[in-house]
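Please read the following report alongside the sequence and the coordinates. It moves from one surface feature to the elements around it, and then to the chain as a whole.

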Amino acid sequence: MSEGACMATTTATTTTATTTTATTTTATPRVCMITRRERFSACHRLHSSHLSEQENKAVFGKCNNENGHGHNYTLFVTLKGPIDARTGMVMNLVELKSAIKRGVLDKLDHKNIDKDVEDFNGVSTTENVAVYVWEQLQLQLAQPDLLHEVRIEETENNSVVYRGE
């Protein structure tokens, strides 16, 4: 992490660095990363229309079950930006929570990703779900440029990180 950066999961501490020159004094805002964790449950079937039935079974194994399977996902949304001198926050976490609810939870929670989420395209891997979540948050956040990272834990052993690249 760079000098002067901090991480917080619920709040950011307000600090300001002051640079003094011979003629002026300017405040340089500190940059922090804040992370909100949410959980959602959804089912899906790993199946590609670009593969034969046999290839799908070979590639995706039991996750290609015709009836699908479910997960209790844990989502971490990280924003990165300067601490606002007036509020002491990178972003109000209540606003972030609301954006996640509208853009992600309302669309994915207790849904079949392949059948119930009309604007989801592609194989419903956690990689593609992370990209989908990123795109939905970009539409919901008042300052989408603050979005730094989406991390989804599909299981306690498997997670995906997407940073908009």
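## The largest pocket

In this predicted model, the largest pocket is lined by P82, D84, T87, M89, V90, M91, N92, E95, A142, Q143 and L146. Its volume comes to about 200 Å³, and, sorted by class, the lining residues divide into 6 nonpolar, 3 polar and 2 charged.

One of these lining residues, P82, belongs to strand 5. The C-alpha atom of P82 is separated by 8.8 Å from that of M33, although the two residues are 49 apart along the chain.

How many of the 14 residues of strand 5 are buried? The number is 10, so strand 5 is largely enclosed by the rest of the structure.

Strand 5 is joined by 14 bridges to strand 4, which covers residues 31–44, and these two strands run antiparallel. Within this pairing R36 stands opposite V77, and T35 stands opposite T78. Strand 5 also pairs with strand 7, again in the antiparallel sense, over 6 bridges, and here L75 has I152 of strand 7 as its bridge partner.

## Further strand pairings

Strand 4 has a further link, to strand 6, which consists of 2 bridges between strands that run parallel; in this pairing C43 has N112 of strand 6 as its bridge partner.

Strand 7, for its part, pairs with strand 8 in the antiparallel sense over 4 bridges, and the two are joined by a hairpin through 5 residues. E153 stands opposite S159 of strand 8 in this arrangement. In a regular strand the side chains alternate between the two faces of the sheet. Strand 8 presents a covered face, with V160 and Y162, and an uncovered one, with S159 and V161.

## Helix 4 and its packing

Helix 4 spans residues 126–140, and its 15 residues reach 21 Å from the first C-alpha to the last, which is close to the 21 Å expected at 1.5 Å a residue. Which residues of helix 4 are buried? They are T126, V129, A130, Y132, V133, W134, Q136 and L137. An α-helix has 3.6 residues a turn, so residues three or four places apart point the same way.

The buried residues of helix 4 pack against both strands and helices: strand 5 (69–82), strand 7 (147–153) and strand 8 (159–162), together with helix 2 (93–108) and helix 3 (113–116).

## Two loop residues

D119 is placed in the loop between helix 3 and helix 4. Its relative accessibility is 37%, so D119 counts as partly exposed. Leaving aside neighbours within four places in sequence, D119 is in contact with K107, Y132 and Q136, and both Y132 and Q136 are among the buried residues of helix 4. D119 and Y132 are 13 residues apart in sequence, while their C-alpha atoms are 9.0 Å apart in space.

H110 lies in the loop between helix 2 and strand 6, the latter being residues 111–112. Its phi is positive, at about 60°, although H110 is not a glycine. Is H110 buried or exposed? With a relative accessibility of 64%, H110 counts as exposed, because the limit for that class is over 50%.

## The chain as a whole

The chain has 4 helices and 8 strands, and read along the sequence these follow the pattern β-β-β-β-α-β-α-β-α-α-β-β. Of its 165 residues, 38% count as buried.

Contacts in the chain between residues at least 6 apart in sequence include 65% that join residues at least 24 apart. Among the strand pairings that can be set beside this figure are the 14 bridges between strand 4 and strand 5 and the 6 bridges between strand 5 and strand 7.

How values were computed: Residues are numbered from 1 along each chain as its sequence is written. This is a predicted model: local features need pLDDT of at least 70, side-chain atom pairs count only at pLDDT 80 or more; totals for chains, interfaces and linings use all residues. Side-chain values use heavy atoms; hydrogens and water are left out. The expected span of a helix is 1.5 Å times one less than its number of residues. Buried means under 20% relative accessible area, exposed over 50%, partly exposed in between (1.4 Å probe, protein chains only). Contact means heavy atoms within 4.5 Å. Two strands pair if DSSP finds at least two bridges between them. On a 1 Å grid over the protein atoms alone, a cavity is a set of points where a 1.4 Å probe fits but cannot get out, and a pocket is an open set with protein on both sides within 12 Å along at least five of seven lines; lining residues have an atom within 4 Å of a point. Grid points are joined across faces, edges and corners, and a volume is the space filled by probe spheres set on the points. Ala, Val, Leu, Ile, Met, Phe, Trp, Tyr, Cys and Pro count as nonpolar, Asp, Glu, Lys and Arg as charged, and the others, Gly among them, as polar.
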